[in-house]
Amino acid sequence: MRPGEMGYVYFPGCTLRVRAKGFESSALASARALGVHLEELPNWQCCGATFPLQVDNAFPLVSPARTLASARKMGGRLVTLCSACYNVLKRTNHVMRTDADRRFKVNAFIEEDYGGDVEVAHLLEVLRDDVGFDEIAKRAKVPLGGLAAAPYYGCLLLRPADELEFDDPESPHILEDFLAALGCKVVDHPYKIECCGSYVALEPGQAALEPSRLVVESAKTRGAQVIVTSCPLCQYNLEVSQGRPHGLAGAGVPVIYFTQLLAVALGLSEDVLGFEDQMISPGPLLRSVGAMGSEATA
């Protein structure tokens with residue numbers, strides 16, 4: 001870690017190494033530019049992807065609890081980017097703090113004495129609380145030209161509110177504040193906190209497409225040029241809903257990770273954006289508003 005940097009333990013999660021590479025590469029590059037050092041947790045494993053709801057079965061908590069216990073040994077806050085990882089890790093932490101029976105069973109299995117004492121944070125919280133949105137606004141080199149950006153939270157960042165304590169579950173504003181700091185025109189829309197269909201989308205069918213279609217439609221009809229999220233599953237669902245037979249007609253709305261937009265605003269190399277892996281590339285849109293050069297990634 002370089003002198004003056006802020007240090008955190010970093011949990012990538014599986015999806016960022018497969019389908020959301022641009023999410024991670026843009027996040028790591030932006031973090032370095034802002035003096036945030038993310039030290040990857042050695043030998044990490046999947047968080048489980050979904051938080052287990054069975055109260056009489058502690059075994060699904062083993063993997064995230066092991067991650068939390070390992071992070072404690074490194075010291076500092078545990079930071080993640082993925083909304084699903086954040087949800088699972090933070091809710092597991094809550095169980096380890098409040099449920100003595102399950103804490104005992106999990107600790108016996110992982111051979112640790114972990115009581116939920118590691119602080120779990122989302123990168124958005126680090127940017128807001130430690131770096132500061134005002135500082136990000138000062139460091140932004142590329143004006144986004146009033147890009148009309150619709151925040152999309154989905155479910156996993158906000159609920160259950162008493163366990164996550166991320167933002168107001170009914171009227172969040174952290175993404176809005178972040179987008180405003182980057183110079184975007186923030187587009188409010190009524191479906192920004194609604195579910196995108198989650199894992200149901202992995203089984204093709206209208207029931208899975210409809211929730212995502214409503215999200216995209218609500219943003220698009222209010223003038224959004226781009227939808228901004230922090231969840232790889234939401235990003236996938238919102239893109240897929242625009243490309244299937246029952247999806248939206250006309251030009252698609254790019255669905256971009258907040259870190260990609262941050263990297264663009266900071267003037268970082270297009271190599272870190274990862275737009276080539278997305279179904280609807282944000283490149284042409286960002287070029288049209290002058291945020292990227294003519295040689296931008298297609």
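**View 1. The side chains of Gln 260 and Gln 278 are joined by a polar contact of 2.6 Å.** A polar contact is a pair of N or O atoms within 3.5 Å, where, within protein, one must be able to donate a hydrogen and the other to accept it, and residues adjacent in sequence count only if both atoms are side-chain atoms. This is a predicted model, in which local features need pLDDT of at least 70 and side-chain atom pairs count only at pLDDT 80 or more, while totals for chains, interfaces and linings use all residues. Residues are numbered from 1 along each chain as its sequence is written, and side-chain values use heavy atoms, with hydrogens and water left out. Gln 260 is found in helix α11 (residues 258-265), where helices (H or I, at least four residues) and strands (E, at least two) are DSSP runs numbered from the N terminus. With a relative accessible area of 0%, Gln 260 is buried; buried means under 20% relative accessible area, exposed over 50%, and partly exposed in between (1.4 Å probe, protein chains only). Leaving aside its neighbours within four places in sequence, Gln 260 is in contact with Gly 22, Ser 26, Leu 273, Gly 274, Phe 275 and Gln 278, contact meaning heavy atoms within 4.5 Å.

**View 2. Helix α1 (residues 21-33) has buried residues that pack against several strands and helices.** The buried residues include Gly 22, Phe 23, Glu 24 and Ser 26, and the elements they pack against are β1 (6-11), β2 (36-40), α5 (123-131), α10 (232-240), β8 (255-257) and α11. Just after α1, Gly 35 takes a positive phi of about 80°.

**View 3. Helices α5 and α8 (residues 174-181) pack at an angle of about 60°.** Their axes, which are lines fitted to C-alpha atoms over the stretch in contact, with angles running from 0 to 180 degrees between N-to-C directions, are 11 Å apart. In this packing, Leu 124, Glu 125, Leu 127 and Arg 128 in α5 meet Ile 174, Leu 175 and Phe 178 in α8.

View 4. Cys 47 is in no disulfide, and the nearest cysteine sulfur, that of Cys 85, is 3.9 Å away, whereas a disulfide is a pair of cysteine sulfur atoms within 2.5 Å. The sulfur of Cys 195 is 3.7 Å from the closest cysteine sulfur, in Cys 155, which is too far for a bond. Cys 47 is buried, with a relative accessible area of 4%, while Cys 195, at 33% relative accessibility, counts as partly exposed.
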